[in-house]
Amino acid sequence: MNKLKNLGLMALLLTSLASVTACSDNDAEDMGEKLDKTVTDAGNAVEDACEDIKEGVDAKDTDC
């Protein structure tokens, strides 16, 4: 759970940084789309790792 909290904090920080450094609307939109994809991919990786760990220890609830 701590990793998810850190991931959310990182996403917030990157979003804030992107909004400050973007020079035009197109740049900001492109950066936002890349950031969304990166955060989604990272979240999926964390969820997959959680499910793999639960499967490895034969947990009854394998959903994360």
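A: The model is predicted: local features need pLDDT of at least 70 and side-chain atom pairs pLDDT 80 or more, while totals for chains, interfaces and linings use all residues. Residues are numbered from 1 along each chain as its sequence is written, and side-chain values use heavy atoms, with hydrogens and water left out.

The chain has 64 residues, of which 6% count as buried (buried is under 20% relative accessible area, exposed over 50%, partly exposed in between). Its secondary structure comes to two helices and zero strands (DSSP runs, H or I of at least four residues for helices and E of at least two for strands, numbered from the N terminus). The part examined here is helix α2, which covers residues 25–56.

Helix α2 contains both K37 and D41, placed four residues apart, which is about one turn of the helix. Their side chains meet in a salt bridge, with 2.8 Å from N to O (a Lys or Arg side-chain nitrogen within 4 Å of an Asp or Glu carboxyl oxygen). The structure holds one salt bridge. K37 counts as exposed because its relative accessible area is 53%. D41, at 38%, is partly exposed.

V46 also belongs to helix α2. With 27% relative accessibility, V46 is partly exposed. Its C-alpha atom is separated by 9.3 Å from that of C64, although V46 and C64 are 18 residues apart along the chain.

E51 is another member of helix α2. E51 is classed as partly exposed because its relative accessible area is 21%. Neighbours within four places in sequence left aside, E51 is in contact with T62, D63 and C64 (heavy atoms within 4.5 Å). For the pair E51 and C64, which are 13 residues apart along the chain, the C-alpha atoms are separated by 6.1 Å.

D52 is likewise found in helix α2. D52 is exposed, as its relative accessible area is 53%. Together with E47, D48, E55, D61 and D63, D52 forms a negative surface patch (like charges joined within 9 Å, over 30% relative accessible area, no salt bridge).

The account ends beyond the helix, with D58, which lies in the segment after α2. D58 has a positive phi of about 55°, although it is not a glycine. Most residues other than glycine have a negative phi. D58 counts as exposed, because its relative accessibility is 66%.

Note on methods
Patch = residues over 30% accessible without salt bridge, like charges linked within 9 Å, V, L, I, M, F, W, Y side chains within 5 Å. Areas by Shrake-Rupley, 256 points an atom, 1.4 Å probe, with all protein chains shown as cover. Lys, Arg positive; Asp, Glu negative; His and termini not counted. Charge placed at Lys NZ, Arg CZ, Asp CG, Glu CD. Buried < 20%, exposed > 50% of the residue type's maximum accessible area, 1.4 Å probe, protein only.
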